Structures are given as structure tokens and as C-alpha cells.
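Subject: Structure handover

Hi,

Here is the structure I promised to pass on. Have a look at it first, and then read on for what turned up.

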Amino acid sequence: MTLTATLLPGLSKRRYGSMFSTVGWAAVVVALTVVLLSVLAPFIAPHDPNYVDLESVLSGPSLAHWLGTDAMGRDLLSRLMFGGRTSLVGPLIVVVASTIFGLLLGLAAGWSDGWISALLSRIFDLVFAFPALLLSMLAIALFGKGLVAPIIAMTISYIPYVARLTQQLVISERSRPYVQAYRVLGFRTSWVVLGRVLPNLVPTVGAQSTLNFGYVLADLAALSFIGLGIQPPTSDWGAMIEEARGALLSGSLMPALLPALVVVLIVVSINVIGEELSDRIGGNLS
């Protein structure tokens with residue numbers, strides 16, 4: 001084995017074909033479509049999402065309202081598009097923050113030995129004992145309804161998932177020949193960890209974080225559904241389902257069915273993408 005192959009592991013062995021299967025590409029198309037519609041909502045939405053039209057209450061699909069209206073005559077398509085902005089931003093913040101902190105704590109726990117690793121592991125176990133929804137409800141009880149408290153609580157809840165995975169990967173990675181070679185050559189530990197070990201962990205951790213995105217989105221939608229998350233009249237998929245409960249009693253399914261369907265589609269799509277990324281990366285690293 002050459003010195004280059006030892007110090008830069010995997011560069012010559014990884015061969016990437018198609019990144020996703022047919023189902024995976026379908027999931028990517030669904031996810032990108034939802035994201036684009038949400039981002040472009042202020043420019044392409046046909047109506048103001050909060051405009052109340054009492055003459056069009058619970059109307060069906062028409063040229064004026066492609067997906068119909070809710071119990072207050074608001075355009076469902078516009079509310080779905082604007083609802084994606086709040087429904088997707090929250091999970092994105094949680095995933096980015098939990099991934100960054102989880103990577104750093106996992107690196108510290110995996111690289112160090114003794115009391116530091118043991119202490120961090122016990123902290124991870126302690127946070128694991130509190131479900132994300134329960135911790136979010138506690139934060140809401142202390143700081144009030146909205147999006148800020150659940151985001152902070154869920155970030156704390158999801159850090160151990162990333163940290164524990166990172167810790168296991170670091171323990172496996174630090175015994176590999178390229179790490180030993182860098183140590184023998186006298187490179188600083190911080191440079192080896194951040195400059196060489198960390199880049200090898202990012203793909204696997206990124207795949208796990210993609211899965212976490214779907215879980216967080218479902219959790220935040222559930223909080224909005226029970227009235228603890230985004231508050232009316234702000235458009236949000238979970239809040240839209242809660243607001244449509246009265247319409248269900250009058251036989252109107254669309255106001256509740258459409259946001260629920262969007263939540264299911266985006267969560268399933270993100271999970272499919274995450275699973276395929278995880279399988280793909282696992283195959284290339286083995």
C-alpha cells in the first residue's frame with residue numbers, strides 16, 4: 001500500500017454509479033417540488049393565504065381555487081404553499097444545529113478516553129431518556145407556545161442521535177492505518193481529527209440527519225396540531241389539520257386531507273432519501 005493510499009483512504013476505491021434508485025429519484029422529485037413551491041410561495045401563490053372569503057366557505061376545487069377553500073374561505077393551495085415555509089424551516093434548523101453539536105460532542109467522546117468519554121456517554125443516555133415531544137411540551141410550558149421553544153427542545157433531543165453515531169464512527173476510524181500514519185508523522189491531533197477523520201464521517205452522519213429531518217417535521221406538525229406550535233392565522237400544515245376538524249364534521253374532507261397528505265408525502269420522501277443515502281454510503285465504505 002502506498003503512502004498516499006494510506007493517508008487518503010478510500011479515494012481510489014469509491015466508485016459512484018446512480019445515486020438513487022427509481023423510487024429514490026421519485027422521492028427526490030417530490031421533496032424538491034414541495035420545497036420549491038414553499039420557497040416561491042410569495043411569488044406564485046394564487047391568493048393571500050390569510051384572505052377570508054365568507055362567500056366561498058368550504059368550496060370545492062374550481063378555477064378560482066384549484067384545491068378549494070377551508071372553513072373561513074381561505075385558499076387551500078396558497079395556505080399549503082405558505083405552510084411549507086414554517087413547516088420545513090423548523091426541522092431544517094433542528095437538523096443543522098443538532099448535527100453540528102452532535103458531530104463536535106461525538107468527536108470528543110469518540111477520540112478521548114477515560115472520564116471525558118464516560119461523562120459524555122452518560123449525558124447522551126440521560127437525554128435519550130426524554131422523548132423529543134415530551135421535552136418540547138416541557139419547553140412550551142416554560143416559555144410559551146410558538147416555534148422557538150420546540151426548536152430548542154428538539155435540537156437538544158436529537159443531538160445524542162448524531163453524537164452517539166459519531167462516537168461509534170470515530171472509535172472505529174481512529175484505529176485505521178491512515179490515522180496511525182499521521183500520528184507517526186507528527187501531525188497535530190486537532191488537525192488529524194478535524195482535517196482527516198471528520199470529512200470521512202460527514203457522509204454517514206449526513207445520511208442519519210436526513211432521516212432525522214423527517215422525524216422532526218412529523219413531531220413539529222404534531223405539536224401544531226394540538227395547538228402548541230405555530231399559532232393561527234399563520235399557515236402551517238399541522239395547524240391546518242387542527243383547524244379543519246370542524247370541517248370534517250360537515251363532510252368536507254379536503255381541508256384536513258390535503259395538509260395531512262403533504263406531511264405524509266414529504267416525511268416518506270425524506271425517509272426514502274435518507275435510507276438510500278445510508279445504504280449507498282454504507283456500501284461504499286465497506
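This is a predicted model: local features need pLDDT of at least 70, side-chain atom pairs count only at pLDDT 80 or more; totals for chains, interfaces and linings use all residues.

Let me start with a question: which residues of the largest nonpolar core touch the most other members? They are Leu80, Leu88, Phe213, Leu217, Trp237, Ile266 and Ile273, out of 23 residues in that core. Helix 2 (22-39), helix 4 (76-111), helix 9 (189-225), helix 10 (237-243) and helix 12 (254-285) each put in at least two residues. Helix 12 is the top contributor, with nine. There is another core apart from this one, with 15 residues, including Val192, Val197, Leu198 and Val205.

Setting aside neighbours within four places in sequence, leucine 80 is in contact with Leu67, Trp237, Met240, Leu258, Pro259 and Val262.

The mean pLDDT is 84, and 92% of the residues reach 70 or more. Helix 3 (residues 41-44) has the highest confidence, with a mean of 93, while helix 1 (residues 3-7) has the lowest, at 49. Residues 10-16 also have pLDDT below 50, and that stretch makes seven contacts in the model beyond near neighbours in sequence.

The overall picture

The protein has 12 helices and zero strands. Its C-alpha atoms fill a box of roughly 80 × 45 × 30 Å along the principal axes. Of its 286 residues, 46% are buried. If you take the contacts between residues at least 6 apart in sequence, 73% of them join residues at least 24 apart.

Helix 5

This one is worth a look down its axis. Helix 5 has 14 residues and spans 20 Å from its first C-alpha to its last, close to the 20 Å expected at 1.5 Å a residue. Ser117, Leu120, Ser121, Phe124 and Val127 are its buried residues. Viewed down the axis, the buried residues of helix 5 fall within an arc of 125 degrees, so they line one face of the helix. That buried set packs against helix 4 and helix 7. Trp115, Arg122 and Leu126 are exposed on the other side of helix 5.

Salt bridges

How many salt bridges does a search of the whole structure find? The count is eight. Two of them involve aspartate 125, as follows.

- Arginine 122 and aspartate 125 form a salt bridge at 3.0 Å, N to O. Both are in helix 5 (residues 115-128), three residues apart, which is about one turn of the helix. An α-helix has 3.6 residues a turn, so residues three or four places apart point the same way.
- Aspartate 125 also meets arginine 164 in a salt bridge, at 2.9 Å, N to O. Aspartate 125 is in helix 5 and arginine 164 in helix 7 (residues 148-173), so this pair ties together parts that are 39 residues apart in sequence. Aspartate 125 is partly exposed, with a relative accessible area of 33%, and arginine 164 is partly exposed too, at 22%.

Elsewhere, salt bridges with shared partners link Asp70, Arg74, Arg79 and Glu243 into one network.

Not counting residues up to four places away in sequence, serine 56 touches His65, Thr69 and Gly73.

Leucine 58 is in the loop between helix 3 and helix 4 as well. Its phi is near 50 degrees, a positive value in a residue other than glycine. Most residues other than glycine have a negative phi. Leucine 58 is partly exposed, with a relative accessible area of 27%.

Cheers

Definitions and conventions: Residues are numbered from 1 along each chain as its sequence is written. Side-chain values use heavy atoms; hydrogens and water are left out. pLDDT is the predictor's confidence in each residue, from 0 to 100. Helices (H or I, at least four residues) and strands (E, at least two) are DSSP runs, numbered from the N terminus. Contact means heavy atoms within 4.5 Å. A salt bridge is a side-chain nitrogen of Lys or Arg within 4 Å of a carboxyl oxygen of Asp or Glu. Buried means under 20% relative accessible area, exposed over 50%, partly exposed in between (1.4 Å probe, protein chains only). A nonpolar core is a set of buried Ala, Val, Leu, Ile, Met, Phe, Trp, Tyr and Cys residues joined through side-chain atoms within 4.5 Å. The expected span of a helix is 1.5 Å times one less than its number of residues. The arc is that of the directions from the helix axis to the C-beta atoms.
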